[in-house]
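Dear colleague,

Please find below the structure for your review.

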Amino acid sequence: MTPPAYRLTASTGIHKGDRDYQQDQVVLLSHPRIKGCLLAVLADGMGGRSGGRKASDQVMLTARQLFERYDPATDAPQAILKQLLNEAHTVIKLIAISAEEEPHSTIAAFLLNPGGDCHWIHAGDSRIYYFQGNKLIKRTLDHSYVQMLVDYGEITEEQAKSHPKSNILMGCLGTASDLTMTLHDIPQMSAGDTLMACSDGVWHYFTDEELGNVVAALAPREATEFLIEKARVRAHGSGDNLSLVIVKFEPARA
């Protein structure tokens with residue numbers, strides 16, 4: 001296999017915002033045996049202080065267990081991502097029964113194979129963005145009530161951010177209804193590309209263009225710090241938990 005013509009730089013960031021407790025979780029895992037194989041997972045827990053954290057905890061635990069066993073030579077990446085959502089969804093529902101809570105969680109995850117192919121999955125309103133330079137190539141569409149209104153042409157993307165029902169999700173982990181999930185594949189990542197996953201506590205305060213300009217101009221660590229700080233300022237004291245992960249595909253050193 002020809003090694004990809006890029007090197008990776010990456011960072012995660014998390015902040016509780018103006019909330020009393022942190023229910024977001026984010027992790028970037030390097031495969032324990034296979035160089036160039038990564039899994040990024042972000043979860044925004046919901047359902048009260050302990051319920052939301054238990055839900056996002058379960059997402060992280062399931063992700064670590066499955067990625068430990070993952071073999072890109074024999075395993076289908078989409079299958080492992082679907083298994084991650086289905087297993088976490090099932091356990092979170094069991095937690096709800098035993099603990100008499102209502103834990104739920106969004107999830108946004110992307111898996112990078114050593115050959116440079118990338119696969120992502122999401123449920124809820126945590127997002128994944130794919131940029132080339134500062135240009136947005138694709139991003140996830142939220143499983144939310146306001147996204148449905150946008151799809152029907154009843155409101156704009158900008159109006160959706162301030163809509164009174166912007167917090168209503170049409171699908172996430174732990175719900176009683178069938179699990180909603182959306183997958184996407186990128187056949188080959190290239191130098192100059194960036195992947196970012198973030199919770200709504202981050203993306204709510206930026207346009208797609210602003211996000212593209214930030215990730216193109218700054219290294220991942222500086223970009224995560226800048227976006228968290230700017231989102232905190234723009235929230236004016238009413239900000240949600242914030243979490244994000246940025247992976248940049250830099251030109252390989254000669």
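In what follows, Ala, Val, Leu, Ile, Met, Phe, Trp, Tyr, Cys and Pro count as nonpolar, Asp, Glu, Lys and Arg as charged, and the others, Gly among them, as polar. By these classes, the lining of the largest cavity comprises eight nonpolar residues, one polar residue and no charged residues.

The model is predicted: local features need pLDDT of at least 70 and side-chain atom pairs count only at pLDDT 80 or more, whereas totals for chains, interfaces and linings use all residues. Residues are numbered from 1 along each chain as its sequence is written, and side-chain values use heavy atoms, with hydrogens and water left out.

On a 1 Å grid over the protein atoms alone, a cavity is a set of points where a 1.4 Å probe fits but cannot get out; a pocket is an open set with protein on both sides within 12 Å along at least five of seven lines, and lining residues have an atom within 4 Å of a point. Grid points are joined across faces, edges and corners, and a volume is the space filled by probe spheres set on the points.

By this rule there is one cavity of 30 Å³ or more. The volume of the largest cavity is about 60 Å³, and its lining consists of Leu39, Thr62, Ala63, Leu66, Phe67, Ile80, Leu81, Leu84 and Leu111. Helices H1 (48-69) and H2 (77-99) each supply at least two of the lining residues, with H1 giving the most, at four. Helices (H or I, at least four residues) and strands (E, at least two) are DSSP runs, numbered from the N terminus.

H1 and H2 pack at an angle of about 145 degrees, with their axes 9 Å apart; axes are lines fitted to C-alpha atoms, for helices over the stretch in contact, and angles run from 0 to 180 degrees between N-to-C directions. Their contact (heavy atoms within 4.5 Å) includes Thr62, Ala63 and Leu66 of H1 and Ile80 and Leu84 of H2. The residues of this contact divide into 11 nonpolar, three polar and three charged.

The H6/H7 pair

Helix H6 (residues 208-217) and helix H7 (residues 220-235) pack at about 145 degrees, their axes being 9 Å apart. Glu210, Leu211 and Val214 in H6 meet Ala223, Phe226, Leu227 and Arg234 in H7. Five nonpolar, no polar and two charged residues make up this contact.

Pockets

The largest pocket holds about 580 Å³ of space. Of its 30 lining residues, Arg19, Asp125, Asn167, Asp200 and Asp240 lie nearest the centre. Strand S3 (38-46) and helices H3 (145-151), H4 (157-161) and H5 (200-203) each contribute at least two residues to the lining, which by class has eight nonpolar, 13 polar and nine charged residues.

The second largest pocket has a volume of about 230 Å³. It is lined by 10 residues, with Pro4, Tyr6, Leu8, Lys35 and Gly36 nearest its centre. Strand S1 (residues 6-15) gives the most to this lining, with three residues. Six nonpolar, two polar and two charged residues form the lining.

Salt bridges

The structure holds eight salt bridges, each defined as a side-chain nitrogen of Lys or Arg within 4 Å of a carboxyl oxygen of Asp or Glu. One of them joins Asp240 to Arg19, with the closest N and O atoms 3.3 Å apart. This pair links distant parts of the chain, 221 residues apart: Asp240 is in the loop between H7 and strand S11 (242-251), and Arg19 is in the loop between S1 and strand S2 (24-30). Both residues are also among those nearest the centre of the largest pocket.

Yours sincerely
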